[in-house]
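Here is a short tour of a structure, written to be read with the viewer open. Keep the coordinates at hand and follow along one part at a time.

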Amino acid sequence: MFVILLLVIAMVAWSLHLMQEAIEQQEFSMMLAGLLVAAAASGMVSAYVLMNHYMAFSWEVALS
């Protein structure tokens, strides 16, 4: 859990850095790259939350 959290925080920080550089250099491609990194980070969080709920549900069903 902590590894995923650290990875997501690092990806968000990298995304913000890319977007800041894109604004300074006025480059659209870096802004798009920052957006894609942020989307990947949010996808990782979503997948983790969904799998966590699924594993809890399947554990509860297995114990019943």
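## Helix H1 and its buried side

In this predicted model, the buried residues of helix H1 are Val8, Met11, Ser15, Leu18, Met19 and Ala22. Part of what covers them is H2.

H1 runs over residues 2–25. Its 24 residues reach 34 Å from the first C-alpha to the last, close to the 34 Å expected at 1.5 Å a residue.

## Ser15, a closer look

If you set aside neighbours within four places in sequence, Ser15 is in contact with Gly34, Val37 and Ala38.

Not counting residues up to four places away in sequence, Val37 touches Met11, Trp14, Ser15 and Leu18.

## The loop and Gln26

Between H1 and H2 there is a loop, and Gln26 lies in it. This residue comes just after H1.

## Helix H2

Helix H2 covers residues 28–63. It has 36 residues and reaches 53 Å from its first C-alpha to its last, close to the 52 Å expected at 1.5 Å a residue. Which residues of H2 are buried? They are Met30, Gly34, Val37 and Ala41, and they pack against H1.

Ala41 is worth a stop on the way along helix H2. Its relative accessible area is 2%, so Ala41 is buried. Leaving out residues up to four places away in sequence, Ala41 touches Val8, Met11 and Val12. For a sense of scale along the chain, Ala41 and Met51 are 10 residues apart in sequence and 15 Å apart in space, C-alpha to C-alpha.

## The nonpolar core

Which residues make up the largest nonpolar core? There are 7 residues in all: Val8, Met11, Leu18, Ala22, Met30, Val37 and Ala41. H1 and H2 each supply at least two residues of this core, and H1 gives the most, with 4 residues. In soluble globular proteins, nonpolar side chains tend to be buried together.

Met1, Ile4, Val45, Tyr48 and Val49 make a nonpolar surface patch of about 420 Å². Helix H2 provides the largest share of the patch, with 3 residues.

Met1 belongs to this patch and sits in the segment before helix H1. Is Met1 buried or exposed? Met1 is exposed because its relative accessible area is 64%, and the cut-off for exposed is over 50%.

Key:
Residues are numbered from 1 along each chain as its sequence is written. This is a predicted model: local features need pLDDT of at least 70, side-chain atom pairs count only at pLDDT 80 or more; totals for chains, interfaces and linings use all residues. Side-chain values use heavy atoms; hydrogens and water are left out. Patches are made of residues with over 30% relative accessible area and no salt bridge: like charges are joined within 9 Å, nonpolar side chains (Val, Leu, Ile, Met, Phe, Trp, Tyr) within 5 Å. Accessible areas come from the Shrake-Rupley method with a 1.4 Å probe; for residues, only the protein chains shown count as cover. A salt bridge is a side-chain nitrogen of Lys or Arg within 4 Å of a carboxyl oxygen of Asp or Glu. Buried means under 20% relative accessible area, exposed over 50%, partly exposed in between (1.4 Å probe, protein chains only). The expected span of a helix is 1.5 Å times one less than its number of residues. Contact means heavy atoms within 4.5 Å. A nonpolar core is a set of buried Ala, Val, Leu, Ile, Met, Phe, Trp, Tyr and Cys residues joined through side-chain atoms within 4.5 Å.
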